[in-house]
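Notebook open, viewer open. I'm jotting down what I look up as I go.

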Amino acid sequence: MISFAIFFFFAAIAVIFAAMVVLHRNPVVGALSLVASFFALAVMYVLLEAPFLAALQVIVYAGAIMVLFLFVIMLLNLQHQEEPRTRPVQQFLGYTTSAAFGLALIYYLAKYGVTKLPDGAFVSDARTIGIKMFEGYIFPFEMVSILLLAAIVGALLLSGRTGVAKEEERS
Amino acid sequence: MHGIDWVDVGLSGLKIAVVLGAMLNVTPIMVWVERRGSALIQDRPGPNRVGPFGLFQSFADALKFILKEDMLPAKANKVLYTIAPMFGLIPALTTIAVVPWGRPFLLPGGRLFEPIIANVNIGILLIFALASMGVYGIVMAGWASANKYSLFGGIRASAQMISYELSLTLAAVSALMVAGSLSLPDVVWRQTGSFVLFNVVKLPAWNIFSPAMWIAFVVFFVSAFAETNRLPFDFAEAEAELVAGYHTEYSSMKFALFFMSEYMAMATMSALITTLFLGGWDIPWYNEPPNALGFALSVLSFVVKVSALLFIFVWVRWTIPRLKYDLLMKLGWKVFLPAAVINIVIVALFIAKRWI
């Protein structure tokens, strides 16, 4: 009963702040709302008896990624604090795409019945996840790390910190 | 649904009251220590008029904070400006809940009393998760003040904390690998007892005395200064460059909340360093009996270690000048991050060879 009340409280927070991200015109407020939404989502993991995932959700998404988002927004957006109004065609495309996506999500969730938990005890401590990741899913895991490495190298290249640029910087 | 264990609820309430009381008292005591300590280091008297040794100066300060006018800048974002100080305070107050502060013992009646508020098996992750929320208080304050110096303070804080969180977490991984657990009581239990270093000296089995941990300890210790925004890494404030950084526009109790969260974050970090590297509540060369006496002695030992670390925080602040900002970033990314990763490999080698 108590967990039911907690679920609805934090579900409401997650939904309200997720709406704020889209509806608020100020990008900084939007980013902070996304943090609140992520945090409420972490509470869902705790209710599903997966505290490890909850902690990772907060550390990685709310703690690390969103700080970088805020950093970039604040750094690039010093002058105008409000975004310019969007054009009608952009609004139309945005609304139709998200509506289609929402309908597809509801359809497939209903079709494959993923709205209830799998049977049996749900073990999600660090040991279980670590063993699973390095035995069953070692290939996708390493693929993701190579993908991230490629992204880092690409970012370095785009920011111009290559050999030639460095030489110019020094002189 | 089973019945509620009221004794357990009562004990939890008691533990929360004790820890919360201690944390709230850290600020006035540390302010006094900081002011008297800085005076000692700079060879001047310091506050010595209010009460014996100026001890009541902090209470006078608190009264001043409460009575001051609460200013709100005209262009500030009112909601964010108001909740920013609270956002800073909550992580500083809550992280201490998973740190064990004494040896567990059996109460009369056969109930095990564990001196820790929340004994969760992901203890350290909870600390890092909540600590990573702490930066939002500073960033929000910096942005909502609508002041360019505040904004720079906020931007600097976000870059700095992201950088040093990585080395802090990776340095902690070394200690967790040795314990084989994410739970902080396990980390402390692993460090009880003693071992013989190089067949010469008998040392307590604290992580800091193990050669595999030295790099991790240095990285964690220095990164702790950066995470708590203390000199030599206080770039979010940097009064010589940014007026007062992120809290330039704040006054009255809102400013006091930032002040409190800084000292509480210091206390939490000291407790974490103690737990991960200095044996937690363990007393060196002494086997604490599993009763109330052992509990009391272990709590005393924990408090002594944390206080010593807090004094080192003050000592460092008034001894080492602020770094340059590019140096801070270089140190974080090019020195501490690789060092912490190398140390993980070293610890893995030690564990594989069973030297530890």
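Predicted model: local features only at pLDDT ≥ 70, side-chain atom pairs only at ≥ 80, totals over all residues.

**Chain A, overall**

I started with chain A, whose secondary structure comes to 7 helices and 0 strands. Helices (H or I, at least four residues) and strands (E, at least two) are DSSP runs, numbered from the N terminus. Along the sequence I read the pattern α-α-α-α-α-α-α.

Residues are numbered from 1 along each chain as its sequence is written, and chains are lettered from A and ligands numbered from 1 in the order in which they are written.

Next I checked burial: 17% of the 171 residues in chain A are buried. Buried means 20 or more other C-beta atoms within 10 Å of the residue's own, exposed means 12 or fewer, and partly exposed is in between, with C-beta atoms placed from the backbone. Then contacts (C-beta atoms, placed from the backbone, within 7 Å). Of those in chain A between residues at least 6 apart in sequence, 56% join residues at least 24 apart.

**Where A meets B**

I looked up the interface and got 21 residues of chain B in contact with 19 residues of chain A. On the chain B side, helix H4 (123-144) and H5 are the elements that give two or more residues. H4(B) has the largest share, 11 residues. By class, that side of chain B has 17 nonpolar, 4 polar and no charged residues. For the classes, Ala, Val, Leu, Ile, Met, Phe, Trp, Tyr, Cys and Pro are nonpolar, Asp, Glu, Lys and Arg charged, and the others, Gly among them, polar.

**H3(A) against H4(B)**

How do H3 (residues 51-76) of chain A and H4(B) pack? I get an angle of about 25 degrees, with the axes 9 Å apart. So H3(A) is roughly parallel to H4(B), that word covering angles under 35 degrees. The residues making this contact include A:Phe52, A:Leu70 and A:Met74 from H3(A), and B:Phe128, B:Met133 and B:Trp143 from H4(B). The class count for the H3(A) and H4(B) contact is 17 nonpolar, 2 polar and no charged residues.

**B:Ser183**

Is B:Ser183 buried or exposed? B:Ser183 is buried, because 21 other C-beta atoms lie within 10 Å. Neighbours within four places in sequence aside, B:Ser183 is in contact with B:Asn121 and B:Gly123. B:Val120 sits 63 residues from B:Ser183 in sequence, yet 6.7 Å apart in space, C-alpha to C-alpha.

How values were computed: Contact = placed C-beta atoms within 7 Å. Axes fitted to C-alpha atoms, helices over the stretch in contact; angles between N-to-C directions. Parallel < 35°, antiparallel > 145°, perpendicular 65-115°, else oblique.
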